[in-house]
Amino acid sequence: MRDGMRVVVRLFGPAREAVGAGSVELELAPAATAADAVVAVGEAHPSLAPLLPRSRVAVNLEYVDAGTPLAPGDEIAILPPVGGG
Amino acid sequence: MRTFYQITDTSIDPETLRGAITDAGSGAIATFVGVTRNSFAGKAVRHLEYEAYAPMAEREMERIGMEIAGLWPVVTGVAIAHRVGRVEIGEASVAIAISAPHRREALAACAHGIDRLKATLPVWKKEVFADGSEWRENREEEELDDGR
């Protein structure tokens, strides 16, 4: 994809286990949003499908809404329902 | 406000948290310590494994501390620690300590803090049984009803 944007998506807990890796790289369109990254990671890794609708997304260490625009170099993370405490 | 935030792979000492937020003007320190249970739904748990998105978890601890300072401006200190890695049954997996001039604010802020961090801290818990393991989520209904 020309003028695409390469991003790293970090995976945690059950998402990391479903993929077998702590992070994956994705090529996204230049104006991609957090929601686009979720769709792309789900297409690349179908084993994540059951988890994604219940997961939250963080960009650069902050929870974000689906419509948040992404920029090259952003650190995106898929955060399944948490279990701390 | 004094603060202490920590993601750690070694044991949590509540005394360290209290020491970090002790303040001469504070007559109260409320501490909550969460310890790992030996069963889930009648099934024996052998040990727990916690995983954190550590840099975000520490930021989230700071954010919760700021929220507490906004809700209870008299609070003089917030300390939070969470374990990662393998945690044996009966060990502390999380601790929060709050200092304030008086007990009411310290207790209320402590209760609020543990509710918030169970809802938002990017930490995942795996229960390990004799015959397998399972990721365990905090129940959403419990977490959203935080009594604010």
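## Residues with positive phi

Ala41(B) is exposed, with 5 other C-beta atoms within 10 Å. Ala41(B) lies in the loop between strand S3 (39–40) and strand S4 (43–44) of chain B. Helices (H or I, at least four residues) and strands (E, at least two) are DSSP runs, numbered from the N terminus. The phi of Ala41(B) is positive, about 50°, although the residue is not a glycine. Most residues other than glycine have a negative phi.

Leu61(A) also has a positive phi, near 75°, and is a residue other than glycine. Leu61(A) is found in the loop between S3 and S4 of chain A. With 15 C-beta neighbours inside 10 Å, Leu61(A) counts as partly exposed.

## Model and confidence

This is a predicted model, in which local features need pLDDT of at least 70 and side-chain atom pairs count only at pLDDT 80 or more, while totals for chains, interfaces and linings use all residues. Residues are numbered from 1 along each chain as its sequence is written, and chains are lettered from A and ligands numbered from 1 in the order in which they are written.

The pLDDT (the predictor's confidence in each residue, from 0 to 100) averages 94 in chain A, where 98% of the residues score at least 70. Within chain A, confidence is lowest in S2(A), at a mean of 94, and highest in S3(A), at 98. Chain B averages 93, with 94% of its residues at 70 or above. Over residues 143–148 of chain B, pLDDT stays under 50, and the model has 10 contacts beyond four places in sequence for this stretch. Two residues are in contact if their C-beta atoms, placed from the backbone, lie within 7 Å. Where pLDDT is low, the predicted coordinates should not be read in detail. For the complex, the predictor gives an ipTM of 0.93 and a pTM of 0.92.

## Sheet of chain A

Chain A has an open sheet of five strands in the order S2-S1-S5-S3-S4, with mixed pairing. Strand S2 (23–28) and strand S4 (62–64) of chain A stand at the edges, each with a single partner strand, so one side of each lacks a neighbour in the sheet. Neighbouring strands are turned by 35° against each other on average, direction ignored. Two strands pair if DSSP finds at least two bridges between them.

S1(A) and S5(A) run parallel and are joined by four bridges; the bridge partner of Val9(A) in S5(A) is Ile76(A). S3(A) and S5(A) run antiparallel, again with four bridges, and Ala58(A) has Ala77(A) as its bridge partner in S5(A). Strand S3 (residues 56–59) of chain A also pairs with S4(A), in the antiparallel sense, over three bridges. In that pairing, Ala58(A) stands opposite Tyr63(A). Four of the five residues of S5(A) are buried, so this strand is largely enclosed by the rest of the structure.

Helix H2 (residues 34–44) of chain A lies across strand S1 (5–11), S2, S3, S4 and S5 of chain A, running at about 115° to S2(A). Axes are lines fitted to C-alpha atoms, for helices over the stretch in contact, and angles run from 0 to 180 degrees between N-to-C directions.

## Sheet and helix of chain B

Chain B has an open sheet of four strands, S7-S5-S9-S10, with antiparallel pairing. Strand S7 (85–88) and strand S10 (132–136) are the edge strands, and each pairs on one side only. The twist averages 30° from one strand to the next. Strand S5 (residues 47–52) and strand S9 (residues 123–129) of chain B run antiparallel and are joined by six bridges, with Leu48(B) opposite Glu127(B) in S9(B).

Helix H3 (residues 103–120) of chain B has 18 residues and reaches 26 Å from its first C-alpha to its last, close to the expected 26 Å. The expected span of a helix is 1.5 Å times one less than its number of residues. The buried residues of H3(B) include Glu105(B), Cys110(B), Asp115(B), Arg116(B) and Lys118(B).

## Contact between the chains

How many residues of chain A are in contact with chain B? There are 13, and they meet 21 residues of chain B. Helix H1 (13–19) and strand S5 (75–79) of chain A are the elements that give two or more residues to this side. The residues of chain A that touch chain B divide into nine nonpolar, four polar and no charged. Here Ala, Val, Leu, Ile, Met, Phe, Trp, Tyr, Cys and Pro count as nonpolar, Asp, Glu, Lys and Arg as charged, and the others, Gly among them, as polar.

Methods
A residue is buried if 20 or more other C-beta atoms lie within 10 Å of its own, exposed if 12 or fewer, and partly exposed in between; C-beta atoms are placed from the backbone.
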